[in-house]
Amino acid sequence: MWFSLIADCYEKIEATTKRFEMTDHLVALLKLTPPDIIEKVVYLTQGKLYPDFIDVQTGIAEKLALQAVSKAVGKSGREIEEDLAKTGDLGETAQKFLAKKTQATLFKVAPLTVEAVYGTLDRMARSSGTGSMTKKLTFLAGLLTSATPKEAKYIMRIVMGNMRLGIADMTVLDALAIAYGGGGEARVTLERAYNVSSDLGKVAKVVVEKGLKAVEKFEVSVGNPIRPMMAERLGSSEEILEKLDSGFMAEFKYDGERIQAHKQGRKVTLFSRRLENITDQYPDAVGLIQRHVNAEKAIVEAEAVAIDVDTNELKPFQELMHRRRKYGIKEAMKEYPISLFLFDLLYADGDDYTLKPYLVRHMKLEQIITKTDRVKTAESTIVYNIEDLESFFEKAVENGCEGLMCKSTGKGSVYQAGARGWMWIKYKREYKSEMTDTVDLVIIGAFHGRGKRAGTYGAFLLATYNPEKDIFETITKCGTGFTDEDLRKLPEIMNKHKIVHKHARVKSMLEANVWFEPAVVIEVMGAEITISPVHTCAMDTIRKDSGLAIRFPRFTGNYRLDKSAENATTDREIGEMYQRQLRKLKES
Ligand code: ATP
């Protein structure tokens, strides 16, 4: 398959401002793709070479990428760098210089194929150790020499880990359903397969080669992370008891990092909430799972929490952040020790537990663990009335937890991979007062700063995620809470997500000065949620022609690096927070 076909399609996707057109272009591309390279095309389309959980570093340093462009176009590094300062996108810079070169030399080379581009990028990603820099440079410069200017743009963006197309997993699933599943309805089946495998390429390959029936048979497998189940939230014991009327278990909600551990014999792999491989970060957790999970093959979920080893007291989440590093892991492990609190079992020795009710999963988990001070299951109890729930909640808070997770024990209480539903309800201390809970919002636009903030951004346009429509809806404009350091850093962080017009998956009535692909998530706190005629979040659901907005938003300082844009707070959650606020207002 010619790489130019892909590049043409990417260009069309980049040009569109409509979500459905984006899907149409993607459908056309997938239909054109030969079955044996469908996974590759799916990964490339998201600017990747493999699914996220594969621990191979695809991207290269900017300096090296610059050298490759310079070598391929025969211009000095300084010239390239100067242009890059203007465009902020090495893809665009490479395209420009290559266009000039092609005009000047007019020589023809054999066209690039997708197979050749993928193969070279794969070899680049896998070369490591001494001499690998030179190899990478030679590979990349070679590719660029054979590329058209347009192809070069996308090749550079892939190696910079920065496609700017913003094609989400759900968009790909929609397109696959239309192209190969017989229509939009097939998306549910494809989504379940994706939820248990976290591998869009694999789902694509199976549906293209074996059809939808084979996709239905997708199974959980050790080594392939399962997309996490997520919780809704409620603000009072009464509401929780009412909602979970077929019975539930309340568990301490620990304030740490979620880990999904896959064990196969002695081999243990750990995945983060975003399903990235974090095994190297937690050698202590690996050891604990090896020694204390008594099953040959298992998938368990746990919260890793920083602790004081002398008192066994739990420490706040911020302590654990010191563990997020590449170097000095052994020292950090000693300085910031952890305990594991296991809270779910998804697979054990040949049995898929995701389709079993919660109590079955819970009991099996209790059976296969040898408990110690450092490995426990989440403290839990079955609750029947408000008093018990309240006193268990107080106990959780006293013990340094955030609150409770209330989990349905009803018949349908399966593990809903990748979904946020009412089977799990989080109940935190903050919900007891008016909008004091934070929300996680996506930066989709920015406004230029003035006065003290001239030259950087003055405020950001933030959005929630609407999973039904797979779009981002604006909810607030936020310029408060950013330190000088944030304001210096943010243009750097956001630069690589800059796009020329509003992204096709963004619905906004406001015109920002700068637009971004939806990628970066920040935590925001506000005073209250109000009805708004200018924001599109939950538009028409509470009042006709109005959406919801956050009043007096403030950045908390927390960049939610563990969340992708699609993990941001949803329009529905905001709607529920608004209703809760109304109820409280009426009560007082
Ligand atoms: P979410 O994961 O729901 O998108 P979030 O990352 O902002 O949101 P919270 O809303 O605070 O986190 O709560 C959910 C998280 O609580 C889980 O992802 C998990 O990391 C953590 N957690 C702690 N204790 C438990 C428990 N007993 N059962 C399930 N999750 C727990």
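## Salt-bridge network

Seven side chains, those of Arg19, Asp174, Arg187, Glu191, Asp470, Arg505 and Glu566, are linked in a network of salt bridges; a salt bridge is a side-chain nitrogen of Lys or Arg within 4 Å of a carboxyl oxygen of Asp or Glu. The model is a predicted one, in which local features need pLDDT of at least 70 and side-chain atom pairs count only at pLDDT 80 or more, while totals for chains, interfaces and linings use all residues. Residues are numbered from 1 along each chain as its sequence is written, and side-chain values use heavy atoms, with hydrogens and water left out.

Asp174 counts as buried at 18% relative accessibility, and Arg187 is buried with a relative accessible area of 15%. Here buried means under 20% relative accessible area, exposed over 50%, and partly exposed in between (1.4 Å probe, protein chains only).

## Other salt bridges

The structure holds 39 salt bridges. One of them joins the side chains of Glu11 and Lys150, at 3.2 Å from N to O. This pair links distant parts of the chain, with Glu11 in helix α1 (residues 3-15) and Lys150 in helix α9 (residues 149-159), 139 residues apart. Glu11 is partly exposed at 30% relative accessible area, and Lys150 is partly exposed at 23%.

A salt bridge also connects Arg560 and Asp562, at 2.9 Å from N to O. Arg560 counts as buried, with 16% relative accessibility.

## Ligand surroundings

Of the 19 residues around the ligand, Lys253, Arg273, Glu303, Lys407 and Lys426 come nearest; a residue is near a molecule if one of its heavy atoms lies within 4 Å of it. The shell divides into six nonpolar, no polar and 13 charged residues. In this classification Ala, Val, Leu, Ile, Met, Phe, Trp, Tyr, Cys and Pro count as nonpolar, Asp, Glu, Lys and Arg as charged, and the others, Gly among them, as polar.

The side chain of Arg273 places an N or O atom 2.6 Å from an oxygen atom of the ligand, and that of Lys407 places one 2.8 Å from a ligand nitrogen atom. A polar side-chain atom of Lys428 lies 3.1 Å from an oxygen atom of the ligand. Taken alone, the ligand exposes 600 Å², of which the protein buries 92%. The elements giving two or more residues to the shell are β2 (248-253), β10 (403-408) and β11 (420-428), and β11 gives the most, with four residues.

## Surface patch and a buried loop residue

Leu359, Met363, Ile382 and Tyr384 form a nonpolar surface patch with about 430 Å² of accessible area together. Patches are made of residues with over 30% relative accessible area and no salt bridge, with like charges joined within 9 Å and nonpolar side chains (Val, Leu, Ile, Met, Phe, Trp, Tyr) within 5 Å. Accessible areas come from the Shrake-Rupley method with a 1.4 Å probe; for residues, only the protein chains shown count as cover. Leu359 lies in helix α18 (residues 358-368) and is partly exposed, at 31%.

Ala568 is found in the loop between β21 (554-559) and α21 (571-587) and is buried, with a relative accessible area of 1%. The C-alpha atoms of Ala568 and Tyr465 are separated by 6.0 Å, although the two residues are 103 residues apart along the chain.

Definitions and conventions
Polar contact = N/O pair within 3.5 Å; in protein donor to acceptor, adjacent residues only side chain to side chain.
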